[in-house]
Amino acid sequence: MKRKINKVAVLGSGVMGSRIALHFANIGCKVYLLDIPPKELNEKEKQKGFTLENPVVRNRIVNENFLNILKAKPSPVYNKKASSLVTTGNFEDNMNWLGEVDWIIEVVVENLDIKKLVFEKVEQFRKDGTLITTNTSGIPIHFMNEGRSEDFQKHFCGTHFFNPPRYLQLLEIIPTPKTDPEVVDFLMNYGDLYLGKTTVLCKDTPAFIANRIGVFSMMAVFKLMKEMGLTIKEVDSLTGPLTGKPKSATFRTADVVGIDTLVHVANNLYKDCPEDELRELFAIPDFVDKMIKNNWLGDKTKQGFYKKTKDENGKRVILEMNIETGEYGPSVKPKFGSVAAAKPVDDLRERIKMLVSSKDKAGEFLKKLYFYVFQYSSNRIPEISDELYKLDDGMKAGFGWELGPFETWDALGVEKTVKKMEESGMKPAQWIYDMLESGINTFYNIHDGKKEYYDIETKAYKDIPGINDFIILDNYTANKPVWKNAGTVLHDIGDGVVNLEFKTKMNSIGSEVLEGINKSIEIAEKDFRGLVIGNDGQHFSAGANLAMMFMLATEQEYDEIDFAVRTFQNTTMHIRYSSVPVVVAPHGLTLGGGCEVCLHADKVEAGAETYIGLVEVGVGIIPAGGGTKELTMRASDNYQQGLVEFNELQWRFLNIAQAKVSTSASEAFDMDIFKKGRDNVVLNPHRLIAQAKKSVIDLDERGYTQPIQREDIKVLGKAALANMFLGAYSYETAHYISEHDKKIAQKLAYIMCGGDLSDGAFVNEQYLLDLEREAFLSLIGEKKTMERIQSILTTGRPLRN
């Protein structure tokens, strides 16, 4: 059966239900969001004389829940327009809508009896063949379809989204013995391709995969910190980005998720896993139990492991709880020698090895924690999964770990670590010893650029299913690169396509990256079909190397700055006017110079979570790598479509002047940074490089021709410039911007209106690039600009001067 998902019904409008509904709206599905009607009127409704039969009253619960989630930060939608695809209703008046939909998702309260009542009602309206899934996080899936029809049971499955579903990539698929395999295959594929998820096929065991391992890891942290006398802040400093975990680490994560939620999952695991060898770790420790009794549940009650408050001067302060006394006090910055030594190490695997081998308290804590997680993970196979890669995928996509447990074990050395675990009385599962005895000493292997996993049953490496559709650049590190320098590496990714990967800190763009781009284009023009510019880092690029510019400006090396800006401009123009297609694959932060690289590509394949913009004004300069020229040119292209000229120029000017950054790739289309009809959004970040490669091949096969430089850019001259100057003056007079901001805005307006031209005229690209460069050079040495750049470099925040 060929399925298409056009309409979805989500039953239950709580935090997860509303967020899931909006994520389907994100990808263009029409969604019905239903919940119970109220049983009694509230005070406002009574005052208005409403009855329980009033339509506004009947949908009050669903509408209030939905609107609350729409206001949430970070936003659950890629674009505000997506919310218009969601229609709200209730379980009594609108269940007939279920006959229209292709997929019904149940997200009501975690109570088996209530879920069964909902499914009984669903069966009255659902048409045969419609997918029906539950988002339960722990109730056994096979209990829920008891008593349902054969068609219902064939199309029933668990689909466990992680909160928030827009941002957390994991989607666990949990079939029952009666689920049709075609349904399972469809959900695995649809979740990957259309919802942008890492889909993990799970067994129907308590808490499935990610929560089983993730909650165990958190409970092990509780146990070790108490034994070792560590503070909350100390633990969070060790279990965050330092070791490849999210910034929220352990305790901030618990506060965000809700300590009651964590306790609920742990209690269920304690109850439902009587044979678990480490079951006692799921027993709630006394200090957490006390927090539950005090209703200290985290963010939802304004205090948990951390508490936000204000000091006597009204300044916000964050206190942390002392787990021994239960009292809150100021955090003390942790000081560990091993951490200070490891922090400068960029390679995560090397950093973890360094930390675990250290003898201080931080090293001992991490070593014991890893041993717990390794032992527990090895013992969960084959209970929760037959394949080890699923545990790693679950932890990376669901809990934000950069390395899963078995990948971390590989980094530390499997055989060496097993011996140390034995010395600590923490032997892993027998299959680990069988693997080592068979001569295999790593859980993963890279073969021809593809990652293989160790299969326990056959005692041999196997391909990870579905991964052939991905290009993971990390897997190419063992291959000899086509070319490399200190800041970039060029890999042959097959079929006549090369990929340039930035390797600088935050993938910032300095001389080595510019050299890499130019050299890669030259190599591609000579020997390949085309070039992809993309990477697997957390961010595409934080922009130009400000530290280098600051140093040159401090030393008043203006000729060097002029040369650097010219080189940047020449490089972006080289991207635009190469003889082979250049496709750029941005994701995450894509700021300043990173944005300018995208603006000059033949095509952009953007990750859905791309935060892109020309932010230079925020540090006291203007975009001078062709960004200002490019948006001026795009405004000009719209003049020819009969749109109001000044309006088209002004909103693009304001986007630059306000250093606006898109909150998603979708919003970047509205900002005219990405081009409708040309550029594309890729929901699954693992598919980004592969999709960019396909676009290079497609452009080449359609007979790519080197573009001709533009001579027809219309600029509006002094009339438009006067209006923009007046606007900047008005903003300064009203104290919305500083005098320096006004100067920057006027320099920007001067470029976008065409400089000294008295009237509208047509100019070429180089004319605008020269204006960009002149404005940049006039601003970079300004005292206030230097203060802003210094503030960014030292604090990460621009100074408002």
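The second largest pocket of this predicted model has a volume of about 1100 Å³. Of the 43 residues that line this pocket, those closest to its centre are Ala542, Gly543, Ala544, Asn545 and Leu546. Several secondary-structure elements contribute to the lining, with at least two residues supplied by each of the helices α21 (511-527), α22 (546-554), α23 (558-576), α24 (593-599) and α32 (783-795), and likewise by the strand β20 (588-591). The largest share, six residues, is provided by α23. When the lining of the second largest pocket is divided by residue class, 27 residues are nonpolar, eleven are polar and five are charged.

Two contacts of the Asn535 side chain can be described. A polar contact of 3.5 Å joins this side chain to that of Asn507, while the backbone nitrogen of Gly537 is reached by the side chain of Asn535 at 3.0 Å.

Rolling a probe the size of a water molecule over the atoms shows where empty space is left. In the present structure, one cavity of 30 Å³ or more is found, and the volume of the largest cavity is about 40 Å³. The residues that line the largest cavity are Gly613, Leu614, Leu631, Asn655, Ile656, Lys660, Met671 and Ile673.

Elsewhere in the chain, three strands form an open sheet in the order β9-β10-β11, with antiparallel pairing. The edge strands of this sheet are β9 (306-310) and β11 (328-330), each of which pairs on one side only, and the twist from one strand to the next averages 45°. The pairing of β9 with β10 (residues 316-321) is antiparallel and comprises five bridges, and within this arrangement Thr309 stands opposite Val317 in β10.

Definitions and conventions. Residues are numbered from 1 along each chain as its sequence is written. This is a predicted model: local features need pLDDT of at least 70, side-chain atom pairs count only at pLDDT 80 or more; totals for chains, interfaces and linings use all residues. Side-chain values use heavy atoms; hydrogens and water are left out. Two strands pair if DSSP finds at least two bridges between them. Helices (H or I, at least four residues) and strands (E, at least two) are DSSP runs, numbered from the N terminus. Axes are lines fitted to C-alpha atoms, for helices over the stretch in contact, and angles run from 0 to 180 degrees between N-to-C directions. On a 1 Å grid over the protein atoms alone, a cavity is a set of points where a 1.4 Å probe fits but cannot get out, and a pocket is an open set with protein on both sides within 12 Å along at least five of seven lines; lining residues have an atom within 4 Å of a point. Grid points are joined across faces, edges and corners, and a volume is the space filled by probe spheres set on the points. Ala, Val, Leu, Ile, Met, Phe, Trp, Tyr, Cys and Pro count as nonpolar, Asp, Glu, Lys and Arg as charged, and the others, Gly among them, as polar. A polar contact is a pair of N or O atoms within 3.5 Å; within protein, one must be able to donate a hydrogen and the other to accept it, and residues adjacent in sequence count only if both atoms are side-chain atoms.
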